[in-house]
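These questions and answers are for a reader new to this structure. Look at the ligand and its surroundings before reading on.

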Amino acid sequence: MASQATDLSQIPLPITRPSFNHEEIQAVQQVFDSGWVTQGPMTAAFEKAFAERHQVSHTLATTSCTAALHMSVLALGIGPGDEVIVPSFTWVTSAHCAEYAGAKAVFCDIDPATFNMNPDAVAAAVTPRTKAIVAVHLFGLAADLYALKHIAQRHGLAIIEDAACAVGSTYFGKPVGSFGDLGCFSFHPRKVITTGEGGMVTSENKDLADRVAALRNHGSNRLKSPLAPKPHQMGAFEFLGFNLRLSDIQAAVGLAQMKKLDGLLEHRWACALGYNQLLKDVEWLRLPAEPEGYRHTYQSYVVWVKPDATLPRNHIMEHLAAHGIQTRPGTMAVHLTPYYRDKYAIAADAFPWSKAAEESTITLPIFPGMQERDLERVAGALRGVEQSARTLRKAG
Ligand SMILES: *Cc1c(COP(=O)(O)O)cnc(C)c1O
């Protein structure tokens, strides 16, 4: 028998963790009992719930947001000789999707206040070869969609929303995923809701949605066939598709998670407000912005360590780790990863805000079930950094 009370200050705090209960298990049990375990009624129900919640006409469940982005680029007919503009501070696959199709990922810098692509930088990156913009809603805050749509309209470009972090995020009252030609969501465990691995394509455009449906299913045009399927009929395959279908087992988890979405978002939002209060007078930190008209998901709560901080960012992260607090950098300066840096000979100072963001940001813990005392523990450890810096100086 444990005789000592648990020392709460020793329990590790993760940057995030998924949240499941009997509801996911019951939904999966239903799939097993039905005997229909892929692209069946549960996938259809998950797609329908997602469409309703995001006020979008077409939804297609797939294996990841990466697959969603890849199919979106192909559905738009983008290929060799074409360019796609992407922010230089994001997850790698926001850029990879263009390269998978043989097109070129062209980077642009971000606005450090929002971490999202700077529309002026997007406009400056447009060339006669540009076909699309990947509008990333980083950490769950929508990109400046009106400005980006304006640029897209002026130059005849498509918009693909990378809404991997933005399930349930809104822009002037409307959920993201319906502003662009296509929207792409992720259900990886680090995101707002999870199916283990999984993703969703959204669109208002039926032709694009039909193309994604075929790409997801080996390139089969079965959907369009006017013939009733006969035992001897195989599907027709007009182009090279993939198997990027989500199973009904995962869709069951997704449907159960969708029912919890509003609660999960409310809690993340409350945690973010809590951090904002607790950290507002820490002068060497810049807290995440939520501009008027935007609703953040806080898939990640990312702070910026200002250059005049008492300790460098990496020391601060190590200090937090020593207190059992897991952190990560916000995300990557993708243009400096060797694949892109070497392929396009990109200079180290090409997109200075993205580089600074990779080097200066910290993702703080924010997870379902996180409590006020956990927030206080993180804030307390951050304040302790100043004490630790004084000790270091004395020792040095
Ligand atoms: C997580 C993430 C992705 C990739 O999502 P997967 O479902 O893991 O493929 C793409 N873009 C952004 C911005 C992300 O955060």
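Q: Where does the ligand sit in this predicted model?
A: The model is predicted. A molecule sits in a pocket if more than half of its atoms lie within 2 Å of its grid points. The ligand sits in the largest pocket.

Q: What volume does the largest pocket have?
A: The lining of this pocket counts 27 residues, and Trp91, His188, Arg190, Lys191 and Thr331 are the closest to its centre. The volume of the largest pocket is about 560 Å³.

Q: Which helix supplies the largest share of the lining of the largest pocket?
A: H3 and H4 each supply at least two residues of that lining. The largest share is three residues, and the helix that supplies them is H3.

Q: Which residues come nearest to the ligand?
A: Helix H3 (65-75) and helix H4 (93-100) each supply at least two residues of the shell around the ligand. By class, this shell has five nonpolar, eight polar and two charged residues. Of the 15 residues around the ligand, those that come nearest are Cys65, Thr66, Asp162, Ser186 and Lys191.

Key
Residues are numbered from 1 along each chain as its sequence is written. This is a predicted model: local features need pLDDT of at least 70, side-chain atom pairs count only at pLDDT 80 or more; totals for chains, interfaces and linings use all residues. Side-chain values use heavy atoms; hydrogens and water are left out. A residue is near a molecule or strand if one of its heavy atoms lies within 4 Å of it. On a 1 Å grid over the protein atoms alone, a cavity is a set of points where a 1.4 Å probe fits but cannot get out, and a pocket is an open set with protein on both sides within 12 Å along at least five of seven lines; lining residues have an atom within 4 Å of a point. Helices (H or I, at least four residues) and strands (E, at least two) are DSSP runs, numbered from the N terminus. Ala, Val, Leu, Ile, Met, Phe, Trp, Tyr, Cys and Pro count as nonpolar, Asp, Glu, Lys and Arg as charged, and the others, Gly among them, as polar. Grid points are joined across faces, edges and corners, and a volume is the space filled by probe spheres set on the points.
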